[in-house]
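Subject: Structure handover and notes

Dear colleague,

Please find the structure below, together with its sequence. My notes on what was found in it follow directly after.

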Amino acid sequence: MIVNQATLQSIYRSFKTIFNKAFENTQPVYPRIATEVPSSTREEEYKWLGKVPRMREWIGDRVIQNLAAHGYTIKNRDWEATVAVDRNDIEDDAIGIYTPLIQALAQSAALHPDELVFELLVNGFTQKCYDGQPFFAAEHVDGNQPPQSNVSTAKLSAASYAAARAAMMSFKDEHGRPLKIVPNLLVVAPANEETARKILMAETDATGATNPWRGTAELLVAPELAGNDNMWFLLDVSKPIKPLIFQRRRAPQFVAKDQPDDENVFMKKEFLYGVDSRDNAGYGLWQLAYGSTGTAA
């Protein structure tokens, strides 16, 4: 095959078609646990976190919610992945061998948000959220209310699941009113799948009695949690705002550096194809999540 402008344009169009098809056919799971927020600048400040409005009896003037009560900023980051195509492979009409690589490039771009949001869960025991406490902490304070905890060290069991569920359903706002949180998603590592399925799906418990927790939540087994096998998370993902935030500045774009006189071609006889994006992830409302390290003896 002659390497000229027409050939290179044809290869680019073919690669882009392969990329787009693989990207569209890849289904990430981050929308289940994270609210996607568009971004229009270098960083976004989430002043409204912790100030979700509640209806009240209208007596006298309206009470305006102060959106500046908390300041939490998510800065966008740059991401890329690139593959090189050898000039010889184009000349030898062997371009088809790169199809799996382009497909893998697309899948990596589509699943990139999953990596960010599950990393947030793992690091939530130390990284801080809008109130200055770690996302999973024992002393979240809202207004003048007593501290509330959304963290545990208990291993996953029917008892620890019940305790987490009760804690979340008991969370109150700054005025002491129930937040009406009902957790509906249990997130575990692959190593904890069997235990989680018994809690949520078994008709009877270990004693033969009716399992009271059957069907109380859906199960999400996350390969991203492998290596943190004992960690588990209980979430309420039914609200307009989810526990985590995925912030998108620029969606993944397929790009190329494939001009015959490009330096990479001259020096290494390589044509470059890649994808890049701008985005980041951060913590939303701690009230919608409960996490356990599973480290208790």
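In the largest nonpolar core, which has 55 residues, the members that touch the most others are Ile-33, Leu-186, Val-187, Phe-233 and Leu-244. A nonpolar core here is a set of buried Ala, Val, Leu, Ile, Met, Phe, Trp, Tyr and Cys residues joined through side-chain atoms within 4.5 Å, where buried means under 20% relative accessible area, exposed over 50% and partly exposed in between, with a 1.4 Å probe and protein chains only. Helix 3 supplies the largest share of this core, six residues. Apart from it lies another core, of 21 residues, which includes Phe-19, Ala-22, Ile-102 and Phe-254.

Before going further, please note that this is a predicted model, in which local features need pLDDT of at least 70 and side-chain atom pairs count only at pLDDT 80 or more, while totals for chains, interfaces and linings use all residues. Residues are numbered from 1 along each chain as its sequence is written, and side-chain values use heavy atoms, with hydrogens and water left out.

Turning to the sheet, four strands form an open arrangement in the order 1-9-10-4, with mixed pairing; strands (E, at least two residues) and helices (H or I, at least four) are DSSP runs numbered from the N terminus, and two strands pair if DSSP finds at least two bridges between them. Strand 1 (34-38) and strand 4 (77-86) are the edge strands, each pairing on one side only. Strand 1 runs parallel to strand 9 (residues 244-257), and five bridges join the two, with Val-37 having Gln-247 as its bridge partner in strand 9.

Helix 1 (residues 5-25) lies across strand 4, strand 9 and strand 10 (270-283), at about 155° to strand 9, whereas helix 3 (residues 99-123) lies across strand 1, strand 4, strand 9 and strand 10, at about 20° to strand 10. These angles run from 0 to 180 degrees between N-to-C directions, with axes fitted to C-alpha atoms, for helices over the stretch in contact.

Finally, Gln-247 in strand 9 is buried, with a relative accessible area of 0%. Its side chain makes a polar contact with the side chain of Asn-76 at 2.9 Å, a polar contact being a pair of N or O atoms within 3.5 Å; within protein, one must be able to donate a hydrogen and the other to accept it, and residues adjacent in sequence count only if both atoms are side-chain atoms. A polar atom of the Gln-247 side chain also lies 3.0 Å from the backbone oxygen of Ile-74.

Best regards

Conventions
Contact = heavy atoms within 4.5 Å.
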